[in-house]
Amino acid sequence: MFKGVDFTILQAQSVKSAMDQIPTFRPDGKTPANAQALIDAVVTSQTTFLNKSTTLDLARGELQESIDALHLACTQVYPIMKVVYRADAGTLQAINRLPVSDRTARETLARGDAINALWTQLPNPPGSATAFKAWDTMDLVAFVALITTAKTKQNGMAAIDQEHQLAQGDLHEKTEALEDFVTTAMIIGRAQFLPGTPEREVIDAIPTEPSQPSAGQAEITVATSAAPGLVHLEFVCNNATKFDVLRQGPGEPDFSLVATDLVANVYDASVTPGSYDFKVIGKNSVGSGPESDIANVVVG
C-alpha cells in the first residue's frame with residue numbers, strides 16, 4: 001500500500017517546492033504552509049500505521065507462540081496420563097475420550113480446556129499419595145498457566161487489530177486528501193503557466209511517475225524443514241529491497257503475515273508439526289510486487 005503513499009508524499013513535496021519558488025502559484029488557495037501541513041499529516045499517519053502494524057505482527061507472533069506451547073504440552077501430557085492410569089480402567093476411559101487432534105488455535109484451546117477439566121478431577125495415580133504430575137515442572141498449575149497465557153493473548157488480539165484498522169483507515173483518508181491536492185495543483189499549474197515560461201518548467205519538473213521500477217513477482221527457491229519443528233525458506237525478487245512472508249498453517253482458513261520488511265532473502269521459523277503453505281511478497285520504495293506462488297513445507 002505504500003507505493004501510493006510514498007510517491008504521493010514525494011509529489012506533494014515537489015508541489016510545495018514549486019509554491020515556494022512561484023509566489024503566484026497557490027493551487028486551491030493554499031499556501032506553502034498549508035501544503036506542508038497536508039504532507040506532515042500523511043507522514044505522521046504513516047508512522048502511526050507502521051507502528052500499529054508492528055504491534056499487530058508482534059501480537060500475532062506471541063499468540064502463535066503461546067498456542068504452540070499449549071499444543072506441545074497437550075501432546076506430551078496426554079500419553080503420560082494414559083500410561084500412569086493404565087491400571088485404572090474408569091479413569092483411563094475418561095482419558096481416552098479427550099480430544100487428540102488440534103489444528104487451529106481454537107481447537108488447541110478447547111483441547112487444553114478438556115485436559116484441564118479432567119485433570120482437576122483425577123484421583124491420585126495408582127500407588128501414589130500425591131496428585132498427578134506429568135513431570136517435575138508440569139503439574140496442573142503449570143498447565144493452567146499455559147492456557148491462561150494463550151487465552152490472554154487471543155483476547156487481546158481484537159483491540160490490537162481494531163487499532164491497526166483505524167490507523168489504516170486514517171492513513172487512506174489523509175493520503176487521498178494529499179493526492180487530491182497534488183492532482184489539483186498539477187492541473188492548475190499547467191493551465192496557469194504557459195509552456196516555455198520559467199514557472200512552467202518548475203511545474204513540469206514535478207514527478208508524475210515513480211522513478212524506481214516496481215518489485216517483480218517473488219519466487220520461493222528453497223522451502224524445506226531441515227529438522228523437526230523448523231521451517232527454512234529462501235526467495236528472490238527483481239527490484240525488491242525487502243520481503244514479507246505469509247503463512248497458512250494446518251486448519252487455518254487464510255494466509256496471515258508472519259514476517260514483514262525482511263532485508264535478507266531468508267526466513268527461518270519454529271512451528272508445530274503439520275503442513276504449511278507459504279507465500280512471499282517483494283517490496284521496495286515504490287510498493288509491493290505480486291505474491292509468489294505457494295510453497296508447501298511439511299514439518300515433522
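Tutor: A salt bridge is counted when a side-chain nitrogen of Lys or Arg is within 4 Å of a carboxyl oxygen of Asp or Glu. Here E62 forms such a bridge with K153, and their closest N and O atoms are 3.3 Å apart. The pair links distant parts of the chain, since E62 belongs to helix α2 (residues 32–84) and K153 to helix α5, 91 residues apart; helices (H or I, at least four residues) and strands (E, at least two) are DSSP runs numbered from the N terminus. This is a predicted model, in which local features need pLDDT of at least 70 and side-chain atom pairs count only at pLDDT 80 or more, while totals for chains, interfaces and linings use all residues. Residues are numbered from 1 along each chain as its sequence is written, and side-chain values use heavy atoms, leaving out hydrogens and water.

Student: How many salt bridges does the structure hold?

Tutor: The structure holds 12 salt bridges, and one of them joins the side chains of D261 and K283 at 2.5 Å, N to O. D261 lies in strand β4 (residues 256–262) and K283 in strand β6 (residues 274–283), 22 residues apart.

Student: Is K283 buried or exposed?

Tutor: Buried means under 20% relative accessible area, exposed over 50%, and partly exposed in between, with a 1.4 Å probe and protein chains only. K283 is buried because its relative accessible area is 13%, whereas D261, at 33%, counts as partly exposed.
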